[in-house]
Amino acid sequence: MEPAQTLVSAAAAQEGVQLRWQQRNWSCDRYVAQGAMMPEDALEDLEAFDAIFLGAVGRPDVPDHISLWGMLIPIRRRFHQYVNLRPVRSFAGIASPLRPEVLGTFDVLVVRENVEGEYSEVGGRVYSGRPEELAIQESVFTRAGVERVVRAGFDAAAGRRGVLTSATKSNGLVHSMPFWDEIVAEVAEEHPGVEVASMHIDALAAACVSRPSTLDVIVGSNLFGDIMSDLTAAVAGSLGIAPSANLSLGGDGPSMFEPVHGSAPDIAGKGVANPIGQVWSGALMLRDLGLERAHDTLLSAIEQLLSSTDVRTADLGGSASTEEVASTLESLLAPAGTSRS
Ligand code: NAD
Ligand code: IPM
Ligand code: MN
């Protein structure tokens, strides 16, 4: 978080904007010490901010459903951050696990439904400890909820290469997914210029590996979008680079910016995590705040780092620390459109 904040501030400062940060140490550590991830009035507290910049949450000794439903998910829901944009692409200087001729030019945007769907509190567990013990987890798809995210998918595709893939599973999930498909077909009528295809999520996952360069925008439910965004990041080269923007498009509070990856417990605290996903998320935040050029400045620093230096963290095959990557990025910051000697 800290190196990313420094870079985001520096990029904004180049545009004459001084960002004012306030920090909230809401975390699994807080949960262990005080019994709650965040204070009771946390959501009211966040309401007045222009944006939220979030570092990944999760600690192996705290159950994930407690850490995530105690903080991240309530924030997404309270502020109706119903669209989660997760762009990722290939970069010169990052090796994908796929052969270059299979990868081609890979540039995708996952538009993920972010507040309903499979992520639901409806259901329960009964008969604990008995052979007939069972768990039921209901999905909740509302017409309004599906329509608005699908519309965001079409809008995004119209501003890119005009190709939208809708992730479905109507052959297995017989209520929710045919409903989703119907709404996609309805919204498609409003966007004759966008080429839309519906793909079952299993086949889509395979296509993402076997013909990734044919994909442009993928719109999917909460769970499908979650899975596709880790997959597309891995295809691009590493989960450590992928950003996300949780957008409160209806203006019901601040939007939130965070990397796609989690707290990476296997490397946490060692100073070797790739900061690019967090920095790129900061760039998306700057763009949302109206600082398009500051966004471009950060992206161009990332591109230069990867194409003209060998400074990179272990997930990208290097041996640099988080700090070394961040300080190299800082040295590469130059207002977009200018070059630096
Ligand atoms: P993860 O994304 O934390 O890690 C998966 C793999 O990717 C690990 O090998 C990890 O080392 C690697 N990785 C992730 N980020 C990296 C980075 N920046 N640089 C280099 N390598 C990186 O996924 P997980 O293991 O499933 O989850 C770990 C914890 O994070 C869990 O508690 C989970 O619930 C939580 N989580 C939180 C968020 C969030 O707060 N937004 C997102 C995803 C997972
Ligand atoms: C993400 C994460 C979260 C999600 C988890 C940690 C609840 O995986 O932001 O991608 O699934 O939304
Ligand atoms: Mn995820």
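Reader: In which sense do E6 and E7 pair?

Author: This is a predicted model, in which local features need pLDDT of at least 70, side-chain atom pairs count only at pLDDT 80 or more, and totals for chains, interfaces and linings use all residues. Residues are numbered from 1 along each chain as its sequence is written, and chains are lettered from A and ligands numbered from 1 in the order in which they are written. Strands (E, at least two residues) and helices (H or I, at least four) are DSSP runs numbered from the N terminus, and two strands pair if DSSP finds at least two bridges between them. Strand E6 covers residues 163-168, and its six bridges with E7 are parallel.

Reader: Which residue of E7 is the bridge partner of Ala 167?

Author: E7 spans 195-200. Within E7, the partner of Ala 167 is Met 199.

Reader: Which are the edge strands of the sheet?

Author: The sheet is open, has eight strands with mixed pairing, and runs in the order E1-E10-E9-E2-E3-E8-E6-E7. From one strand to the next, the twist averages 20°. An edge strand pairs on one side only, which is the case for E1 (51-53) and E7.

Reader: At about what angle does H10 run to E10?

Author: Helix H10 (residues 276-288) lies across E1, E9 (243-247) and E10 (255-259). Axes are lines fitted to C-alpha atoms, for helices over the stretch in contact (C-beta atoms, placed from the backbone, within 7 Å). Angles run from 0 to 180 degrees between N-to-C directions. For H10 and E10 the angle is about 160°.

Reader: Which helix gives the most to the side of domain 1 that touches domain 2?

Author: An automatic or database domain assignment sets the bounds: domain 1 is 1-80 + 238-341 and domain 2 is 96-222 + 230-236. Their contact takes eleven residues from domain 1 and eight from domain 2. With three residues, the top contributor on the domain 1 side is H4.

Reader: Which helix gives the most to the shell around ligand 1?

Author: A residue counts as near if its C-beta atom, placed from the backbone, lies within 6 Å of the molecule. Ligand 1 has 21 residues around it, with Gly 58, Gly 240, His 261, Gly 262 and Asn 274 coming nearest. Three residues of the shell come from the top contributor, helix H4 (64-78).

Reader: Which residues are around ligand 2?

Author: By class, this shell has two nonpolar, one polar and one charged residues. Gly counts as polar here, Asp as charged, and Leu and Val as nonpolar. The residues are Leu 68, Asp 226, Val 260 and Gly 262.

How values were computed
Two residues are in contact if their C-beta atoms, placed from the backbone, lie within 7 Å.
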